[in-house]
Amino acid sequence: MLIIGIAGGTGSGKTTVVKKIMELLSTQEVAVIPQDAYYKDSSHLPLQERLELNFDHPDSLDFELLVKHIKELRKGKPIEQPIYSYLTCSRSKETIPVAPAQVIIIEGILIFSSQELRKCMDIKVFVDADADDRLSRVICRDIMERGRSVDKVLQRYEAVVKPMHLQFIEPAKRYADIIVPQGGHNQVAIGMLLATIEKHLKT
């Protein structure tokens with residue numbers, strides 16, 4: 001089993017890189033574990049407080065459960081992945097069954113923040129992108145998927161996303177084995193990553 005961690009700033013192109021890897025491998029060979037599924041449940045808080053939560057801080061994540069699940073998959077055991085809603089800022093009662101696979105991809109902005117989680121990874125990838133490019137993607141995503149206004153997105157970017165990126169995400173780049181510049185558009189870097197994965201799987 002090969003466990004790959006793919007980190008990078010919000011809107012950096014992590015999802016594009018994950019898709020490129022999945023195009024190389026069959027769906028039976030790869031399982032994707034998104035960091036976003038492991039945010040701590042906040043259903044005990046009033047809705048207004050939930051909407052102001054800082055999702056870009058490591059403390060917002062249930063790393064203990066995520067590490068436990070990765071170790072279970074490594075042992076060949078299936079897991080029940082949580083379902084988290086950004087709209088209600090709470091976990092669903094339902095879960096998603098995930099079976100062990102030849103390749104496990106852990107994807108998220110803060111996955112390198114946990115030393116215990118990093119130890120579980122065979123390859124650590126950091127997807128890098130220009131701040132302006134990331135901001136434009138964040139605006140589009142938050143408006144379309146999370147129902148936020150442009151003003152709200154920009155306000156949150158300046159108050160939360162940018163400072164958290166500088167404090168936690170950008171410094172985590174030093175843990176990466178592979179850095180993919182220019183986000184998901186760097187075909188050469190992605191090609192090198194895919195070659196590394198193929199070589200690792202063959203050995």
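Tutor: With a relative accessibility of 37%, E116 counts as partly exposed. Please bear in mind that this is a predicted model.

Student: Which value leads to the class "partly exposed"?

Tutor: The general idea is that a residue under 20% relative accessible area is buried and one over 50% is exposed, with partly exposed in between. In this structure, K71 is also partly exposed, at 38%.

Student: With which residue does E116 form a salt bridge?

Tutor: The general idea is that a side-chain nitrogen of Lys or Arg must lie within 4 Å of a carboxyl oxygen of Asp or Glu. Here the partner of E116 is K71, and their closest N and O atoms are 3.1 Å apart.

Student: How many salt bridges does the structure hold?

Tutor: There are six. Another of them joins D62 to R91, where the closest N and O atoms are 3.1 Å apart. Because D62 is in the loop between α2 (47–51) and α3 (63–74) while R91 is in strand β4 (residues 90–98), the pair ties together parts that are 29 residues apart in sequence. R91 is partly exposed, with a relative accessible area of 26%.

Student: Which side chain meets that of K124 in a salt bridge?

Tutor: That of D177, at 3.8 Å from N to O. This pair links distant parts of the chain, 53 residues apart: D177 sits in the loop between α6 (150–169) and β7 (178–180), and K124 in strand β6 (residues 123–127).

Student: Is K124 buried or exposed?

Tutor: K124 counts as buried, because its relative accessibility is 14% and the cut-off for buried is under 20%. D177, by contrast, is partly exposed at 49%. Salt bridges may also form a network, as they do among D128, E170 and K173.

Student: Which helices and strands each supply at least two residues of the lining?

Tutor: They are α1 (14–24), β2 (30–34) and α5 (131–146). By class, the lining comprises eight nonpolar, ten polar and ten charged residues.

Methods: Residues are numbered from 1 along each chain as its sequence is written. This is a predicted model: local features need pLDDT of at least 70, side-chain atom pairs count only at pLDDT 80 or more; totals for chains, interfaces and linings use all residues. Side-chain values use heavy atoms; hydrogens and water are left out. Helices (H or I, at least four residues) and strands (E, at least two) are DSSP runs, numbered from the N terminus. Ala, Val, Leu, Ile, Met, Phe, Trp, Tyr, Cys and Pro count as nonpolar, Asp, Glu, Lys and Arg as charged, and the others, Gly among them, as polar. Buried means under 20% relative accessible area, exposed over 50%, partly exposed in between (1.4 Å probe, protein chains only).
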